[in-house]
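This briefing is arranged by topic and is meant to be read alongside the sequence and the model.

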Amino acid sequence: MSAVQVRKLWKEYGRQVVLENISLDVASGEFVTIIGASGCGKTTFLRILLGEERPSRGELLLDGKPLPDEPGPDRGVVFQKYSVFPHMTALQNVMVGEEFAAAPLTARLFGKARRESRQRALDMLAAVGLAASGNKYPSELSGGMQQRLAIAQALLRRPRILLLDEPFGALDPGIRADMHELILDLWSKLKLTIFMTSHDIKESFYLGGRVIVLDRVRKDPHEPELYGARITYDLPLRRGRDARLNHAAAGPDLAL
Amino acid sequence: MKRLINLKPDRGFGIALGALPFLILLAVYMAASASRLAENADDKLLPSLTTMTQSLDRLATEENRRTGEVLLWVDTAASLKRLLIGVAISMTIGLVVGVITGLIPYVRKTFSPLVKVLSMIPPLAVLPILFIALGVDEVSKIVLIVFGIAPSIARDVQQRVEELPAELLIKAQTLGASTWQLILRIVLPQTVPRLLDATRLALGSAWLFLIAAEAIAATEGLGYRIFLVRRFLDMDVILPYVAWITLLAFALDFTLRLVNRVAFPWYGAGAAR
């Protein structure tokens with residue numbers, strides 16, 4: 001897992017400015033949550049980190065080197081929905097990453113390599129609590145289980161950073177709490193660098209080791225799209241997070 | 001009294017309701033046929049069911065004395081061969097063109113206008129060209145079917161590929177997939193069920209073009225036969241042939257639907273989630 005540097009990044013669509021002058025240094029192993037009102041550009045920022053969108057100006061470095069401007073195995077991602085392949089079983093969904101890596105032509109593994117890959121995938125499914133669901137299709141899994149599957153799938157390729165785009169936004173509160181424990185557990189075990197967007201402030205402060213708030217500082221009432229969002233708050237919460245990990249039983253309210 | 005839109009027949013009653021129009025049609029036909037035959041026993045327009053059964057029996061069992069062939073089966077084999085080859089070629093072209101134009105922007109920009117224009121040309125209008133260029137044998141009939149249905153299948157597949165959630169393609173890329181691997185493991189499996197659906201819709205047109213081509217130039221085939229006996233007003237042959245063609249069309253449609261259900265259990269289940 002690796003350090004990410006954002007240098008004077010701008011994103012514009014024609015005259016519409018979405019992000020202006022974003023600079024950020026994130027150390028390896030940080031859990032960064034990004035919050036802001038809807039339409040403030042947090043998803044755009046994540047998409048730029050992902051390589052799906054290109055910044056208009058500025059640069060993006062991963063361990064000092066520019067990030068490739070298309071998605072790749074160095075960055076894993078979990079979206080709010082459509083994160084898993086509906087035509088593959090859970091096990092196939094997790095295995096497919098290794099198959100892409102090992103078999104450029106057929107994208108399938110056979111024999112011993114397949115058995116080994118299968119075992120790694122089964123271990124990963126067990127780690128996210130889906131040991132019994134390997135042969136099910138995503139449509140047979142609940143929303144929470146689908147997100148667990150998406151996380152397992154993303155982690156098997158050992159991405160250097162993990163991007164979560166409102167991953168728990170569509171889940172029920174109870175299931176969401178389970179997912180919080182799962183992601184914190186994986187984050188501390190695997191030493192992940194995580195960026196997560198959320199519109200849930202409580203969730204952001206509970207999960208994040210660092211909370212970034214995006215907002216439009218300058219406003220022109222006649223032309224609301226003239227100015228983009230900036231980082232208005234950058235709150236390190238390291239102490240609170242450590243305390244929380246030591247008292248895993250404590251609820252979100254205590255953690256704040 | 002509930003609103004009309006909330007009244008639903010239960011299963012058995014639903015089937016009975018569905019059968020009702022057929023029974024009414026049959027009864028109307030039989031009555032009309034009987035009344036015409038009562039006036040003139042040699043009337044050919046509305047033959048009785050008995051006459052039709054006899055004709056069908058003759059067509060399906062009696063061997064031609066010179067060649068030893070049974071007409072119905074020779075016609076069926078000839079027509080199905082043309083139809084299936086034409087449909088198979090169309091599916092292949094439709095899948096390849098649809099996937100590539102749907103997925104790769106450069107190819108889409110290059111070929112999309114061409115496919116659009118090609119699909120606007122009424123296929124029957126080019127039939128004379130096909131006959132002149134390719135002769136009146138099998139090839140021109142198959143090419144007519146391909147010309148008639150491949151563009152629409154390609155457009156349907158292309159649309160399906162464009163509708164794939166961007167998230168799925170991004171996710172695959174973050175798992176390291178190349179364009180080729182993306183096509184192989186994500187796009188093809190997701191579009192093949194749609195290809196089968198598109199083919200089902202195109203089968204109606206495929207039959208149309210087949211029968212049109214056979215009517216104009218052929219020596220055997222279902223379409224050839226009904227247009228041949230039309231000259232003698234042989235309704236007792238034409239009507240059973242039409243029923244037989246309908247049955248074949250239904251069987252093909254059913255087969256494709258079955259393949260879709262068995263081979264792609266995830267398709268239609270919760271859509272792409």
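In this predicted model, strand E7 (residues 161–165), helix H5 (residues 173–190) and strand E8 (residues 194–197) of chain A make a right-handed β-α-β unit. Right-handed here means that, with the strands pointing away from the viewer, the path from the first strand over the helix to the second runs clockwise. Helices (H or I, at least four residues) and strands (E, at least two) are DSSP runs, numbered from the N terminus.

Residues are numbered from 1 along each chain as its sequence is written, while chains are lettered from A and ligands numbered from 1 in the order in which they are written. As the model is predicted, local features need pLDDT of at least 70 and side-chain atom pairs count only at pLDDT 80 or more, whereas totals for chains, interfaces and linings use all residues.

**Strand E7 of chain A and its partners**

- E7(A) pairs with E8(A) in the parallel sense over four bridges, where pairing requires that DSSP finds at least two bridges between two strands.
- Within E8(A), A:Thr197 is the bridge partner of A:Asp165.
- E6(A) also runs parallel to E7(A), joined by four bridges, and A:Val77 stands opposite A:Leu163.
- Five of the five residues of E7(A) are buried, so the strand is largely enclosed by the rest of the structure; a residue is buried if 20 or more other C-beta atoms, placed from the backbone, lie within 10 Å of its own, exposed if 12 or fewer, and partly exposed in between.
- A:Ile161, A:Leu163 and A:Asp165 point one way from E7(A), and A:Leu162 and A:Leu164 point the other way.

**Contact between chains A and B**

- Chain A gives 29 residues to the contact and chain B gives 23 residues, contact meaning C-beta atoms, placed from the backbone, within 7 Å.
- On the side of chain A that touches chain B, strand E6 (75–78), helix H2 (90–102) and helix H4 (143–156) each supply at least two residues.
- H2(A) provides the largest share of that side, four residues.
- By class, that side has 17 nonpolar, seven polar and five charged residues; Ala, Val, Leu, Ile, Met, Phe, Trp, Tyr, Cys and Pro count as nonpolar, Asp, Glu, Lys and Arg as charged, and the others, Gly among them, as polar.

**Nonpolar cores**

- A:Ala152 and B:Ile145 touch the most other members of the largest nonpolar core, which has 103 residues; such a core is a set of buried Ala, Val, Leu, Ile, Met, Phe, Trp, Tyr and Cys residues joined through C-beta atoms within 7 Å.
- Domain 1 (25–40 + 206–256) and domain 2 (81–161) of chain A each contribute at least three residues to this core, with bounds taken from an automatic or database domain assignment.
- Another core, of eight residues, lies apart from it and includes B:Leu59, B:Leu222, B:Val237 and B:Ile238.

**Hairpin of chain A**

- Strands E1 (residues 4–13) and E2 of chain A pair in the antiparallel sense over seven bridges, with A:Lys11 opposite A:Leu19.
- The hairpin they form has two residues between the strands, and A:Gly14 in the turn has a positive phi of about 60°.
- A:Val18 lies in E2(A) (residues 16–26) and is buried, with 22 other C-beta atoms within 10 Å.

- Most residues other than glycine have a negative phi.
- A:Asp63 has a positive phi near 55° and is exposed, with 12 other C-beta atoms within 10 Å.
- B:Leu233 has a positive phi near 55° and counts as partly exposed, with 13 C-beta neighbours inside 10 Å.

Note on methods:
Two residues are in contact if their C-beta atoms, placed from the backbone, lie within 7 Å.
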